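Open the model in your viewer and keep the selection panel at hand. Each stop below tells you what to select and what is there.

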Amino acid sequence: MSQTILQNMKALVLTGPGKFEIQEVPVPTPGPFEVLCRIGAVAICGTDPEVIKGSMAGYWPPSYPFIPGHEWAGEVVALGENAEPFFKIGDRVAGEAWKGCGHCANCVAGHYNRCQNYGRLETGIRHYGFQFRGAYAQYNVYSVKSIHKMGDSVSFREGSLVDTAGVGLHGMELTGITPGGTVAIIGPGPIGILAMRTARLLGAAKFIVVGRPPRLDAAGKLGADILINIQREDPVEGVRTANGGFGVDEAFECSGSEGTLYQAIRMVREGGRIGLLGVPHDKVMEKIPFKYVCRNEIAIFGSKANPNVSDKVLSLMASGQLVVKDLITHVFPLEEFAQALKTFVHRKDGAMKVVIEPNGPEKDIIPA
Ligand SMILES: [Zn+2]
Ligand SMILES: [Zn+2]
């Protein structure tokens, strides 16, 4: 693979709310403890259309022009000062959107996804693709803390799903999984499917997936045991009936939709646990059956992003235990981003994960 680094690069640049174009921009230079990466593949996340639309402009993104994108894998092509002990040129890596300030109480405790200095770039915090330049470009600079070495058996395309799979694994680690137990997944999108697969690796035996077609049907093909179509049946009744009249051990909310937390509470058994992995809008407010939750000792875990799990996800991918490539339904070059975005947003042709390759396809390992 050639190591030539261009002076200028192509990037997807947001120029205002809902406005974007492919522009030629200078390749950024890595600073101390940073590396320059060539982006091999970057997956469109459910949050990207919101960032692009600009409904949270001033926050995500903080200002214009802005390069979004945060679910990526690629290759280290240049080292900044002090980066050498950590990475070498040619390392294949998968990225993480978060780098905490490293100094606040939460960061020191390892909870950098809850950094207390969010938005204060001067403290060193980075939230790539949301508050700092992201991966829809041929190159980007990353902190050595935000990249993870990837085995040769994991393709760039697969590596771009480390973020989504990590959201699943982090949620599982917080919530816990009952070995041999039954899990309900609400929301058969990429997070739901990968939550299901990580829960299976942690020992859950049976999966009831709740949603609507066509994604619900896709979940069936991708490993769900029982499908509950919310257009045809009540989700709580459906899950309980499918589980022999009992509540499930764990329920994972992976849609961010209104009403689903209430449903999850009613789906789990006494002492059951609920993980909230979906990303709801600010205006989504849930009513909780307070007494029922207390009486049944139901535990609810909020889960945010994917801290401290990328290396584990990559090991599971490299060993073949965690398969992600069948979730990648579409691949586009950067120049066709507009079409890729439409495909993702409108879920055209069964779109699940839509991946952009800013430097063209990876030649050596392409998923069969
Ligand atoms: Zn994401
Ligand atoms: Zn911090």
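Select the zinc ion (ligand 1). In this predicted model, Cys45 (SG), His70 (NE2) and Glu71 (OE) coordinate that ion at 2.1 to 2.3 Å. Donors here are N, O and S atoms within 2.8 Å of the metal (3.2 Å for Na, K and Ca); water is not among the atoms, so sites may look incomplete. Along the chain, the donor residues of ligand 1 are spaced C-x24-H-E.

Now colour by accessibility. Are His70 and Glu71 buried or exposed? His70 is buried, because its relative accessible area is 3%. Glu71 is buried too, at 2% relative accessibility. The cut-offs: buried means under 20% relative accessible area, exposed over 50%, and partly exposed in between (1.4 Å probe, protein chains only).

A word on the conventions. Residues are numbered from 1 along each chain as its sequence is written, while chains are lettered from A and ligands numbered from 1 in the order in which they are written. Local features need pLDDT of at least 70, side-chain atom pairs count only at pLDDT 80 or more, and totals for chains, interfaces and linings use all residues; side-chain values use heavy atoms, with hydrogens and water left out.

Next, select the zinc ion (ligand 2). Which protein atoms are its donors? They are Cys101 (SG), Cys104 (SG), Cys107 (SG) and Cys115 (SG), 2.3 to 2.5 Å from the ion. The spacing in sequence is C-x2-C-x2-C-x7-C. The arrangement around ligand 2 is tetrahedral because the four donor atoms subtend angles of 103 to 118°. Four donors count as tetrahedral if all angles lie between 85 and 135 degrees. The ideal angle for four tetrahedral donors is 109.5 degrees. Cys104 is buried, at 7% relative accessible area, and so is Cys107, at 11%.

Strands are DSSP runs of E, at least two residues; helices are runs of H or I, at least four; both are numbered from the N terminus. Two strands pair if DSSP finds at least two bridges between them. Asn8 stands opposite Pro26 in β2. The hairpin has two residues between its strands, and Gly18 takes a positive phi near 75°.

Colour by domain. The assignment gives domain 1 (8-161 + 324-357) and domain 2 (165-302); such bounds come from an automatic or database domain assignment. Their centres, taken over C-alpha atoms, are 29 Å apart. Across the boundary, 11 residues of domain 1 contact 13 residues of domain 2, contact being heavy atoms within 4.5 Å.

Select β13 (residues 248-253). Six of its six residues are buried. On one pairing, four bridges join β13 to β10 (residues 182-186), running parallel. Ile185 stands opposite Phe252 there. β13 also pairs with β14, parallel, over five bridges, and Glu253 stands opposite Leu276 in β14.

With β13 and β14, α8 makes a right-handed β-α-β unit. Right-handed means that, with the strands pointing away from the viewer, the path from the first strand over the helix to the second runs clockwise.

Last stop: Ile288, in the loop between β14 (268-276) and α9 (290-295). Ile288 is partly exposed, with 40% relative accessible area. Leaving aside neighbours within four places in sequence, Ile288 contacts Leu261, Ile265 and Val293. Leu261 is 27 residues away along the chain, yet the C-alpha atoms of Ile288 and Leu261 are separated by 7.8 Å.

How values were computed. Four donors count as tetrahedral if all angles lie between 85 and 135 degrees; four count as square planar and six as octahedral if opposite donors are over 155 degrees apart and all others between 65 and 115; anything else is irregular.
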